[in-house]
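Here are my notes for a first look at this one. Have the structure open while you go through the points.

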Amino acid sequence: VFSALVAGGGFKGGHVIGASDAKGDEVKDRPVYPPDLLGSMYELMGIDTNATLPHPMGQVARVTPTEADGVKVAGRLTEIM
């Protein structure tokens, strides 16, 4: 469980996304993973989050990782975009 404060840049203010259990140990509602937050920021900046980047070894390097890359994602933060 983590928390982050975002302001400006197209994000709507005054909202809380997700919830944790009483101890803050486990996600209770609406998980958010770091790539979800990063992808939301990129999207608001007009960066194509599905684009790939050059890689010196010819591998696929995405702007934001996906589940296909073995990363957990729960989706963009559309509630505040």
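1. Start on the surface: Met41, Met45 and Ile47 make up a nonpolar patch there, with about 270 Å² of accessible area together. A patch here takes residues with over 30% relative accessible area and no salt bridge, joining nonpolar side chains (Val, Leu, Ile, Met, Phe, Trp, Tyr) within 5 Å. Areas come from the Shrake-Rupley method with a 1.4 Å probe. Met45 sits in the loop between α1 and β3 (52-53), and it is exposed at 57% relative accessible area (exposed is over 50%, buried under 20%, partly exposed in between).

2. A word on what you're looking at. This is a predicted model, where local features need pLDDT of at least 70 and side-chain atom pairs count only at pLDDT 80 or more, while totals for chains, interfaces and linings use all residues. Residues are numbered from 1 along each chain as its sequence is written, and side-chain values use heavy atoms, with hydrogens and water left out.

3. Now the salt bridges, of which there are three (a side-chain nitrogen of Lys or Arg within 4 Å of a carboxyl oxygen of Asp or Glu). Glu79 pairs with Arg30 at 2.8 Å, N to O. Glu79 lies in the segment after β4 (61-62) and Arg30 in the loop between β2 and α1, so this pair ties together parts 49 residues apart in sequence. Glu79 itself is partly exposed, at 36%.

4. Arg76 and Glu43 form another salt bridge, at 3.3 Å from N to O. Here too distant parts of the chain are linked: Arg76 is in the segment after β4 and Glu43 in helix α1, 33 residues apart. Both are partly exposed, Arg76 with 23% relative accessibility and Glu43 with 41%.

5. Arg62 and Asp69 also pair up, their closest N and O atoms being 3.2 Å apart. Arg62 is partly exposed at 34%, and Asp69 is partly exposed at 39%.

6. Last, which residues lie nearest the centre of the largest pocket? They are Phe2, Ser3, Ala4, Ile17 and Val32, out of 25 lining residues. The pocket's volume is about 610 Å³. On a 1 Å grid, a pocket is an open set of points where a 1.4 Å probe fits, with protein on both sides within 12 Å along at least five of seven lines; lining residues have an atom within 4 Å of a point. The lining splits into 16 nonpolar, six polar and three charged residues, and β1 (19-20), β2 (27-29) and α1 (34-44) each supply at least two of its residues.

Conventions
Grid points are joined across faces, edges and corners, and a volume is the space filled by probe spheres set on the points. Helices (H or I, at least four residues) and strands (E, at least two) are DSSP runs, numbered from the N terminus. Ala, Val, Leu, Ile, Met, Phe, Trp, Tyr, Cys and Pro count as nonpolar, Asp, Glu, Lys and Arg as charged, and the others, Gly among them, as polar. Buried means under 20% relative accessible area, exposed over 50%, partly exposed in between (1.4 Å probe, protein chains only). Patches are made of residues with over 30% relative accessible area and no salt bridge: like charges are joined within 9 Å, nonpolar side chains (Val, Leu, Ile, Met, Phe, Trp, Tyr) within 5 Å.
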